[in-house]
Amino acid sequence: MDLDPRTALQTERARAMKLLADVERSMLDVSDARDGANTDDEHDPEGATLAWERGSLGAVRDDARRRVEQVDASLARLDAGTYGRCAVGGEPIPEARLAAVPWAATCVAHA
């Protein structure tokens, strides 16, 4: 059974917010691990791992933040009565696209 758009968006927002909180907690753990060590990221083999981990977590964090912004924008479009219409051309976004990506702001042609 498909969820209504508001429920789908709220579910996705909750998922993205949980991911964001988890990633930020992990970033603190990595930072704490680095602060507790007397290492040189550039020359220590473990330093490269910590730098890579921080970078990877940062990318996931940024994606989660973007998803929250996209979902919030979709909820605003839903409230304004423009949800499901392409933000570029104004044509309807196919239901299959909205079912797969409820926060989609554009049709496939304008994505």
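Tutor: Let's go through the salt bridges, and then turn to the cysteines and the annotated region.

A quick word on the ground rules: this is a predicted model, so local features need pLDDT of at least 70, side-chain atom pairs count only at pLDDT 80 or more, and totals for chains, interfaces and linings use all residues. Residues are numbered from 1 along each chain as its sequence is written, and side-chain values use heavy atoms, with hydrogens and water left out.

Searching the whole structure turns up nine salt bridges, where a salt bridge is a side-chain nitrogen of Lys or Arg within 4 Å of a carboxyl oxygen of Asp or Glu. Take E12 to begin with. The side chain of E12 meets that of R15 in a salt bridge, at 2.9 Å from N to O. Both residues sit in helix α1 (residues 5–35), three residues apart, which is about one turn of the helix. Helices here are DSSP runs (H or I, at least four residues), strands are runs of E (at least two), and both are numbered from the N terminus.

How exposed are these two? E12 counts as buried at 11% relative accessibility, while R15 counts as partly exposed at 42%. For the cut-offs, buried is under 20% relative accessible area, exposed is over 50%, and partly exposed is in between (1.4 Å probe, protein chains only).

E12 has another partner too: its side chain meets that of R67 in a salt bridge, at 3.2 Å from N to O. E12 lies in helix α1 and R67 in helix α2, so this pair ties together parts that are 55 residues apart in sequence. R67 itself is partly exposed, with 22% relative accessibility.

Now look at R66 and D63. Their salt bridge has its closest N and O atoms 2.3 Å apart. R66 is partly exposed at 44% relative accessibility, and D63 is partly exposed at 44%. Both lie in helix α2, three residues apart, about one turn of the helix. Back to E12: salt bridges that share partners join E12, R15 and R67 into one network.

Helix α2 (residues 45–80) also holds Q70. Q70 is partly exposed, at 34% relative accessibility. In sequence Q70 and A104 are 34 residues apart, yet in space their C-alpha atoms are 7.9 Å apart.

That brings us to the annotated region. UniProt, in an unreviewed entry, places "zinc finger region: dksA C4-type" at residues 86–110. UniProt positions use the numbering used here, feature names are shortened, and annotations may be inferred rather than shown by experiment. In the model, residues 86–110 are 24% helix and 0% strand, with end C-alpha atoms 8 Å apart. Residues 81–109 are 21% helix and 0% strand, and their end C-alpha atoms lie 22 Å apart.

And the cysteines? C86 is buried, with a relative accessible area of 4%, and C107 is buried as well, at 6%. The sulfur of C86 has its closest cysteine sulfur in C107, 3.8 Å away, which is too far for a bond. The cut-off for a disulfide is a pair of cysteine sulfur atoms within 2.5 Å, and the search of the whole structure finds zero disulfides.
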